[in-house]
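The sequence and the model are shown below.

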Amino acid sequence: MKPVEKTVADLKLDDEHITAGLNDSIQEGANRLLSVPGGVLIVLDDENKVKGVIGTKQMLTAISKGSDVSSTKCGEIMEMDFLQVELDTSLSDVLSQIKKRSPQAVVAVDNGGFAGYFSPSDYNQARTIVKSLKQVFKA
């Protein structure tokens with residue numbers, strides 16, 4: 001019997017993040033980021049496409065370097081090393097891609113548009129699911 005593949009869509013990807021636009025100020029981004037402690041800010045363009053991510057470190061670095069929080073845009077300080085995966089990508093494939101590339105963040109998309117953030121807790125959940133499915137189908 002072949003294992004049933006679980007996909008990115010099987011995870012809860014609507015927590016641990018909030019979104020902002022490329023042209024939103026980092027002051028606005030910081031205010032939004034404060035609403036999701038430990039999360040990230042996903043930077044989107046006008047077509048809902050992911051352009052980058054901002055974590056607490058990027059935000060604090062920009063502020064510590066003297067960036068004007070009301071005029072500096074999120075698009076200027078975002079991290080662009082992220083992995084983009086479709087919702088129908090198998091969890092084992094995503095884990096493999098993460099292992100090969102070690103991106104700063106993983107985001108899920110549906111037909112190119114932002115669908116959710118694959119957080120570190122999602123990563124751990126995916127590892128557990130893949131491992132348990134392998135064990136079930138070994139027997």
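Which residue of β3 stands opposite Ile-42? The residue opposite Ile-42 is Val-53 in β3.

The model is predicted, so that local features need pLDDT of at least 70 and side-chain atom pairs count only at pLDDT 80 or more, while totals for chains, interfaces and linings use all residues. Residues are numbered from 1 along each chain as its sequence is written, and side-chain values use heavy atoms, leaving out hydrogens and water.

**Overall architecture**

The protein chain contains 5 helices and 6 strands; these are DSSP runs numbered from the N terminus, helices being H or I with at least four residues and strands E with at least two. Read from the N terminus, the order of elements is β-α-β-β-α-α-β-α-β-β-α. The C-alpha trace spans about 60 × 30 × 25 Å along its principal axes. Of the 139 residues, 41% are buried, where buried means under 20% relative accessible area, exposed over 50%, and partly exposed in between (1.4 Å probe, protein chains only). Among contacts (heavy atoms within 4.5 Å) with a separation of 6 or more, 60% are between residues 24 or more positions apart. The accessible surface, from the Shrake-Rupley method with a 1.4 Å probe, amounts to about 8100 Å², and carbon and sulfur atoms contribute 50% of it.

Strand β2 (residues 40–44) is largely enclosed by the rest of the structure, because 5 of its 5 residues are buried. In a regular strand the side chains alternate between the two faces of the sheet. In β2, Val-40, Ile-42 and Leu-44 point one way and Leu-41 and Val-43 the other, and all are buried. The chain reaches β2 from β1 through helix α1 (residues 26–33), and this β-α-β crossover is right-handed; that is, with the strands pointing away from the viewer, the path from the first strand over the helix to the second runs clockwise. His-17 stands opposite Val-40 in β2.

**Strand β5 and its partners**

Strand β5 is likewise described as largely enclosed by the rest of the structure, since 5 of its 6 residues are buried. A right-handed β-α-β unit is made by β4, helix α4 (residues 91–101) and β5. Phe-82 has Ala-105 in β5 as its bridge partner, and Val-109 stands opposite Phe-114 in β6.

| Strands | Sense | Bridges |
|---|---|---|
| β1 (residues 17–21) and β2 | parallel | 5 bridges |
| β2 and β3 (residues 50–54) | antiparallel | 4 bridges |
| β4 (residues 82–86) and β5 | parallel | 5 bridges |
| β5 and β6 | antiparallel | 5 bridges |

**Hairpin loops**

Most residues other than glycine have a negative phi, and most peptide bonds are trans. The hairpin of β2 and β3 has 5 residues between the strands, and Asn-48 there takes a positive phi near 65°. Asn-48 is partly exposed, with a relative accessible area of 34%. The hairpin of β5 and β6 has 2 residues between the strands, and Asn-111 there takes a positive phi near 55°. Asn-111 lies in the loop between β5 (105–110) and β6 (113–118) and is exposed, with a relative accessible area of 69%.

Key. Pairing = 2+ DSSP bridges.
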